[in-house]
Amino acid sequence: MNPVPRLSLNQETIKQWSLPELAEGCAKAGVTGVGLWREPVQKYGVEAAAALVRNAGLTVTSLCRGGFFTALDPERRAAALADNRKAIDEAATLGTDTLVLVSGGLPAGSRDLFAARERIADALAELVPYAADHGVRLAIEALHPMYAADRCVVSTLGQALDLAERFPADQVGVVVDTYHLWWDDAVAAQIARAGATGRIAAFQLADWITPLPEGVLLGRGQLGDGAVDFRWFREQVDATGFTGPIEVEIFNPDLWARDGAEVLAEVVDRYRDLVL
């Protein structure tokens, strides 16, 4: 099978597959990159997962996730930092230089978004030297504003860049994720800003479909099922000089209930039609 240019499959897109099934399926489909998640990798064994992926001829394009830096309690903050150091270790073992960060929401009882974002900056300052020593770049992901209260107070690419730009570009970058950013009329300018300083660490795709499910977390759509103009995003990102992988990351129970090989074939077809 000829490689599909730049395509990476995030593990969660076909969550029903085991790691060996993921490696075998991607290799057969010509998908040369995979984005991995910590929990299934830990269950399989980090070193074993690294060997499995490597032996299949695949590249780990990202590891998800670190972050959750906004706690007020000192013990919870220390625990988060320790867990992020562990995530950095895991990324290095897997051979990826990109650890995706979901930065954390508002602590219980707090309404101070600005202070929460400053705690993210403080955590980054502690983690950057450790990550740099391990050859891992921290990638701040902005999540759609509907997640600001409980999951991520970084809601726009501009806010992510404001944090990232406090640190060297090769140590802290940002994630351009279509699901979270498609609605923002400033996103083109912010993609250009990110690219001008070499800050784009990852580029991820999922569609925005309605109605959103209850709980909203598992409402990402298959490419082409919603409102996102993927080729426009790809052109904006490419215009900055970014030539890295394009990772499809979809959380959707309907996809998880289907045959994994069928889902992957559909992803590949739609990627060719809508992205390239």
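Started with the annotation. UniProt, in an unreviewed entry, places "domain: Xylose isomerase-like TIM barrel" at residues 26-266. I note that UniProt positions follow the numbering used here, feature names are shortened, and annotations may be inferred rather than shown by experiment.

Housekeeping next. This is a predicted model, where local features need pLDDT of at least 70, side-chain atom pairs count only at pLDDT 80 or more, and totals for chains, interfaces and linings use all residues. Residues are numbered from 1 along each chain as its sequence is written, and side-chain values use heavy atoms, with hydrogens and water left out.

Looked at the annotated span: residues 26-266 are 44% helix and 18% strand, and their end C-alpha atoms lie 13 Å apart. Helices (H or I, at least four residues) and strands (E, at least two) are DSSP runs, numbered from the N terminus.

Then the barrel. I find eight strands closing in the order E1-E2-E3-E4-E5-E6-E7-E10, with parallel pairing; two strands pair if DSSP finds at least two bridges between them. On average, neighbouring strands of this sheet are turned by 30° against each other, direction ignored. I checked E1 (residues 7-10) against E10 (residues 246-248): the two run parallel and three bridges join them. Ser 8 has Glu 247 in E10 as its bridge partner. Helix H9 (residues 230-238) packs on the sheet, touching E6 (172-177), E7 (200-205) and E10, and its direction makes about 170° with that of E7. Contact here means heavy atoms within 4.5 Å. Axes are lines fitted to C-alpha atoms, for helices over the stretch in contact, and angles run from 0 to 180 degrees between N-to-C directions.

Now helix pairs. How do H4 and H5 cross? The axes of H4 (residues 74-94) and H5 (residues 113-133) come within 10 Å and cross at roughly 30°. That makes H4 roughly parallel to H5, as angles under 35 degrees count as roughly parallel, over 145 as roughly antiparallel, 65 to 115 as roughly perpendicular and the rest as oblique. In H4, the contact residues include Leu 81 and Ile 88, and in H5 they include Leu 127 and Tyr 130.

Last, H3 (residues 46-55) on H4: I get an angle of about 30° with the axes 8 Å apart. H3 is therefore roughly parallel to H4. Val 46, Glu 47, Ala 49 and Ala 50 of H3 make the contact with Glu 90, Thr 93 and Leu 94 of H4.
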